[in-house]
Structure formats: structure tokens, C-alpha cells
Amino acid sequence: MTTQLHKTLHEEMHFFGGKDVDLCMNCGTCTVICPLARDEGGTFPRRIIRLIQTGQKRLLVKSLDPWLCYYCGDCSENCPRQANPAETMMASRRYLTSQYDWTGLARLFYKSALMEILAIVLVGLFVTGLFVWFHGPMVLTLPVQLNTFAPVKWVELGDWIMAGTLSFFLLTNAARMVWNTLDGKQMFGISPLIYFKAVPVFFDHMFTQRRSRQCGSTRSRSFWLKHLLLVSGYLSMLVLVLILLRWFQTDRIYPIYNPQRLWGYYATLALLYPTGAFLISRWRRKEPIHFFSEASDWIFLVMLFLTALTGIMVSLARVNGFPMTTYVIYVIHLSIAVPMLVVEVPFSKWSHLLYRPLAMYLVSVKKAAAAVSLKTQPEAATA
Ligand code: SF4
Ligand code: SF4
């Protein structure tokens, strides 16, 4: 088998944030330091750097290693060449996201922040335009009648159209990730039972991200807690908006201890606190993992923070009896939330919510398939 080398791979990686790849001398310190390396063999994470240095694009695109790194920064702190291996792993994740995406939009957005912002603004203006032209009557007497201004059945329909659209792009990209990783031939040679048995691994890592707890220092433990909080807030919002919208978007004013309000406030705080903390950390740049931030890192956090902030402002304006303020902020809220979901989930950093647990699932499948192959064809393993 011949290996096609891509001489420009490491230059291309610059656009995705991997700017210090050339400094690596492959000493192996990062492998010794990385708390996750023992699970992944003796070449994690420097193998990825080597693949980039030597232009082995096919092997890079096939690799799951970038998704197995939780960006704790221990390797970068100890690298004798300041080659920033943690940053290279992050850049590789951006690069892989662009390779999985068949539309080319992820690549465009990672290479040009202006295009990403333009896409967000266009989708936001589209949502604002829908409300400007099609909103219901604006009742300015109390109680606030949000469901007259924005009938819940239409908002619900819009939610499902949006969810269907972004799921289509995200899932087709995920299918390409599976195809790239397992190769067509290997994919169909694996027993369906192996795929089935590994399913719990996917959900385990999607909901708990517990592997990140193995990463280095106490700082990483708090990082894990914030991440967990963020995932719980995000999933809560999805359930409230997609499944329970008729209960959640109501004109009734429930007491503060009612589950409808408590769940909404929990989801808001679970989004606001971690995103706020991550934004401050990136702004301060005290930890090695925050020395470098790409535009996509900022856009994703700012959009999520503003979505949660405007969401709670709608609730406060409604409950406290400000009809016009409620309607205006509601439109602003959706004009931020919709592009945040449509642009960021399938084509930008949010996609890691699916790719990371999927990578853990595929690793589990590959290990199980290799174990079966070892049992049935031991001579092939020793050849
Ligand atoms: S990234 Fe740094 S620590 Fe890792 S192999 Fe290269 S030079 Fe050594
Ligand atoms: S950032 Fe942390 S998890 Fe990722 S390779 Fe470096 S040491 Fe390992």
C-alpha cells in the first residue's frame, strides 16, 4: 500500500490553530506526562504531531486520537520545545471537524471568522424578519401574552424544522467520521453484536465525560464539573424547547417553586455559569490551554452565553409584567439561539458534543473487533 504525503498539511494546520507543530522533536515527554496516554498506547499524543509533520493526511483523518484528548494542557506545560502539543490536538479536532463536514462550511468558518459571523448574522436576520412580518397581535395589557405574539404551535414547528436541519448535517458528517475511521471494508466486517454492545460507551461518555477526570491536576477536576454542568444545561434546554415547549412557553405565571420555573432557571444557570467562567479564563490567559484562542472558541461561547442570558431576560420580563420588553427580547433571544444552533452545532465547535462520545464508541468497537480477530486468527496477529 502506498501512502500519499501532503506536503502542505502542516502549513494548512496553521489555519486551524496548530502553529507550533514544527518545533516538536518527537522527544516523547508529552506521552510520559499525558494522564490518558497509557490507555492509548505509547505514541499518544505525539503521533498526531508526527503525522502532521510528515504530511500523512489520510492517517490523520482516520485517527480518533484528537478526540481522546481533553485539553488539560499538562503536555504543553512540560514540553521542552514549547511545541504546544495540547494546542496541536485542539487544532487537529478543528481540522477533523472540517474534514468530516461534506458541505465545506466548517472549513470555511474555521478559516474565516468573518464568514462564520456573516452566517450567524444572516440566519439571525432571517429569524428577526420572520417575527417582524408574521408575529401575532402584540397585547400590551397584563398579563403578558407571549403565546398570542408568538403562538406556541408555530414556534414548535420552527423548532422541529431547525432540529431536523441541523441533525441532518450533523448526522451525515458523523457518518463520514465513522466511514473515515473504520474504512468501508473494516466497517462491514465487524459483527453487528460488537456495534450493539458498545452503545452504552457512547451514552456514558456523552453524559458524563468522565474520562476528562483522569486529566492531570485539580484544575481539570473543576473543568470537568463545569463541563458536566454545561452539558446538563444544554440537554435540559433541548428537552424543554423541543419536547416540552407547550408546558415551558406558557402565559400562566407559576409560583417560583413550580418545576416549570425551577427547571428553566436551572438550565439557564447551568449554561451561564460555565460559559461565563470559560470566557473569563480565555480572557485572562493564565493557563497554558488559554494562551491561544481561535475566533471559533470565542464565537461559540459568546453565542451560548447570550442565548442563556436573553432566555432568562424573557422570563423575567414576562413574570414581572413588561409586555413590549418581553416580545422584543423574545425575538432577540431566538435571533441568537437559532444561528447558535444551526451554524455552531453541525459546522463548528459544538459538533464535538457528538464527535467525542462517538470517538469513544468507535475505539471500543475497534478494540472489541481486534480482540475477536486475535481469538479467531492468532497467526494473523503474530505475523
Ligand atoms: S510535543 Fe514537545 S514533549 Fe511532545 S514529543 Fe514534541 S517536543 Fe516532545
Ligand atoms: S492536553 Fe492533556 S489530555 Fe490532551 S494530550 Fe495533552 S496531556 Fe494529554
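**Ligand surroundings and overall layout**

The shell around ligand 2 consists of 13 nonpolar residues, 1 polar residue and 1 charged residue; Ala, Val, Leu, Ile, Met, Phe, Trp, Tyr, Cys and Pro count as nonpolar, Asp, Glu, Lys and Arg as charged, and the others, Gly among them, as polar. The model is predicted: local features need pLDDT of at least 70, side-chain atom pairs count only at pLDDT 80 or more, and totals for chains, interfaces and linings use all residues. Residues are numbered from 1 along each chain as its sequence is written, while chains are lettered from A and ligands numbered from 1 in the order in which they are written.

**Ligand 2**

- In total, 15 residues surround ligand 2, and the closest are Cys34, Cys69, Cys72, Cys75 and Ala86; a residue is near a molecule or strand if its C-beta atom, placed from the backbone, lies within 6 Å of it.
- Helices α7 (74–78) and α8 (85–100) each supply at least two residues of this shell; helices (H or I, at least four residues) and strands (E, at least two) are DSSP runs, numbered from the N terminus.
- The element that gives the most to the shell around ligand 2 is α8, with 3 residues.

**Ligand 1**

- Ligand 1 is surrounded by 13 residues, of which the closest are Cys24, Cys27, Thr29, Cys30 and Cys79.
- Two or more residues of the shell around ligand 1 come from each of α2 (29–33) and α4 (46–53).
- By class, the shell around ligand 1 holds 8 nonpolar, 3 polar and 2 charged residues.

**Domains**

- The domain assignment divides the chain into domain 1 (9–100) and domain 2 (105–367); such bounds come from an automatic or database domain assignment.
- The C-alpha centres of domain 1 and domain 2 are 27 Å apart.
- Domain 1 brings 24 residues to the contact and domain 2 brings 28 residues; two residues are in contact if their C-beta atoms, placed from the backbone, lie within 7 Å.
- On the side of domain 1 that touches domain 2, α5 (57–62), α6 (65–68), α7 and α8 each supply at least two residues.
- Helix α8 provides the largest share of that side of domain 1, 7 residues.
- The side of domain 1 that touches domain 2 comprises 13 nonpolar, 5 polar and 6 charged residues.

**Packing of α18 and α19**

- Two packed helices are described by the angle between their axes and the distance between the axes.
- Helix α18 (residues 259–284) packs with helix α19 (residues 295–319) at an angle of about 145°, and their axes are 9 Å apart; axes are lines fitted to C-alpha atoms, for helices over the stretch in contact, and angles run from 0 to 180 degrees between N-to-C directions.
- The crossing of α18 past α19 is left-handed, that is, the near helix is turned anticlockwise from the far one by less than a right angle, whereas clockwise would be right-handed.
- The residues of α18 in this contact include Gly264, Leu271, Phe278 and Arg282, and those of α19 include Asp297, Trp298, Phe305 and Ile312.
- The contact of α18 with α19 has 11 nonpolar, 6 polar and 2 charged residues.

**Backbone features**

- Most residues other than glycine have a negative phi, and most peptide bonds are trans.
- Phe44 and Pro45 are joined by a cis peptide bond with omega of about 5°, and Pro45 lies in the loop between α3 (37–40) and α4.
- Leu142 and Pro143 are likewise joined by a cis peptide bond, with omega of about 0°, and Pro143 lies in the loop between α10 and α11 (146–149).
- Tyr71, in the loop between α6 and α7, is not a glycine but has a positive phi of about 60°.
- Gln209, in the loop between α15 (199–208) and α16, is a residue other than glycine with a positive phi near 50°.

**Exposure of individual residues**

- Tyr71 is partly exposed because 17 other C-beta atoms lie within 10 Å; a residue is buried if 20 or more other C-beta atoms, placed from the backbone, lie within 10 Å of its own, exposed if 12 or fewer, and partly exposed in between.
- Gln209 is partly exposed, with 19 other C-beta atoms within 10 Å.
- Phe134, in helix α10 (residues 113–134), counts as exposed because it has 10 C-beta neighbours inside 10 Å.
- Ser232, in helix α16 (residues 218–243), is partly exposed, with 16 other C-beta atoms within 10 Å.
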